[in-house]
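Subject: Structure for you to look at

Hello,

I am handing over the structure below, with some notes on what was found in it. Please read them with the coordinates open.

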Amino acid sequence: MRWSARLTGAPWRAAPPTADEPVTVPGPRDPVVPPGLLDPCELELLNDQRDVLRRLPAPVAVTYGPQHQLGYANRAYRELFGTRTIGLPAADALPELSTLGVLPLLDQVLRSGRPRAVKARCILGLNGSRYYNISCVPLGADTNAPIGVLVFAAEVTDQVQAAGRLREAERRQREAAVTLQHSLLPQKLEQPADLRVAATYQPGGADAAVGGDWYDVIGIEGGRTALVIGDVMGRGLRAAAVMGQLRTAVRAYARLDLPPDRVMGLLDGLAMEIDANQIATCAYAVWDPATHSLHYASAGHLPLLLRCPDGTVLRGEEQNGPPLGTGGGTHLSHTLRLLPGTTGVLYTDGLVERREEDIDQGLDQLARTLAGATGTPDVVCSRLLRAMGVTAEHDDDVAVLAFQVPLEPGASGV
């Protein structure tokens, strides 16, 4: 819908006819449009187009000239906002456009000759609050010099309300998942006499669904301690529920005094039974204070990091078994002897993975941070979260389990 015209800059009268009257060739005392703005053929075309606009159920208004004088408002527009008078600048004739932030768009359309729009604006009209997408389209055959702007409002109240209901449902589901997640994690970690441990869990921000990260510390026979960290792929209640089943199974398998690789094999089979489409990563380690040895196995999980007493950080690079739930893979146990004062960290991918970076960059940053993170395990957990940029608005959930081999009596503190 475009008309070719020239602008004369002639003023419009302050009290012209109502907006739904037809445009006619103006007489000397009844300037409906500025003299010379449209020729008779263009006026006839405009009247034909107005007949179309009049039948539209959506609110439509037409403005002309640099002051955006109102030239037309159809019945739907007047039913929404009340009677409008043609001839006045839009700032006076269409105050609702100012409230909605649309007036600046009229200037932009006249300057650029390109449409502009705003979405889901709440309009308080005569029939209550409704939501509209508002489009401003240039009028005129020459897009470089439009003569006016057509303002069109498409109601999207149902879509906005549906989106609001969806967001509220997602919020309630997320709260339920967070509650379930916290209830399934250890409420209080076991504290072995020969190993200091601390752990933390940080759910993702409001826009991130809760995942299936978990950790555990389990006392087993012979004064040994099992350390576990895992991450169920996926988000929401289902991931949290699968996590709870795997954590319960790990505790049972640990007390059977099975080697780490055997525990991983049993968990793999269980994960397939729970949900063949759900996979998880897990690292399981057993600390034996009698031999100062750490026996561990990994099912697709990120590498264990160890900070030696001299500040050197080592990364577990041994062969990694496949994730849980894939079936048929081989998991191997590995053994490390830890010196007194060694600090170890197990963690989930939310700590080191960033969308815009390769995960190796996150692992390198974590290793550098751990090298300077002295103190007790709870202090180490806090420093790692802070240094890795994990906040309440983080886009993924994070679990960290830190453990520390105490110094021998008489040695200096860590």
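Tyr-77, Phe-81, Leu-97, Leu-100, Ile-123, Ile-134, Val-151 and Ala-153 line the largest cavity. Two or more of the lining residues come from each of α2 (75–81) and β5 (148–155). By class, the lining is made up of eight nonpolar residues, with no polar and no charged ones. The volume of this cavity is about 40 Å³, and the structure holds two cavities of 30 Å³ or more. Please keep in mind that this is a predicted model.

Next, a loop residue. Thr-348 sits between β14 (343–347) and α9 (359–371). With a relative accessible area of 0%, Thr-348 counts as buried, because the cut-off is under 20%. Its side chain reaches the backbone nitrogen of Ala-399 at 2.9 Å. Leaving aside residues up to four places away in sequence, Thr-348 touches Asp-213, Ile-229, Gly-230, Asp-231, His-301, Leu-302, Asp-397, Val-398 and Ala-399.

Last, a helix. α7 covers residues 237–255, 19 residues in total, and at 1.5 Å a residue it should span 27 Å. The C-alpha atoms at its ends are 28 Å apart, which agrees. The buried residues in α7 include Ala-239, Ala-240, Val-242, Met-243, Gly-244, Leu-246 and Arg-247. Further along α7, Ala-249, Val-250, Tyr-253 and Ala-254 are buried too. In general, an α-helix has 3.6 residues a turn, so residues three or four places apart point the same way. After α7 comes Asp-257, which has a positive phi, near 60°.

Regards

Conventions:
Residues numbered from 1 in each chain as written. Predicted model: local features only at pLDDT ≥ 70, side-chain atom pairs only at ≥ 80, totals over all residues. Heavy atoms only, no water. 1 Å grid on protein atoms, 1.4 Å probe; cavity = no way out; pocket = protein on both sides within 12 Å on 5 of 7 lines; lining within 4 Å. Points joined across faces, edges and corners; volume = space filled by probe spheres on them. Helix = DSSP H or I, 4+ residues; strand = E, 2+ residues; numbered from the N terminus. Nonpolar A, V, L, I, M, F, W, Y, C, P; charged D, E, K, R; others polar. Buried < 20%, exposed > 50% of the residue type's maximum accessible area, 1.4 Å probe, protein only. Polar contact = N/O pair within 3.5 Å; in protein donor to acceptor, adjacent residues only side chain to side chain. Contact = heavy atoms within 4.5 Å. Expected span 1.5 Å × (residues − 1).
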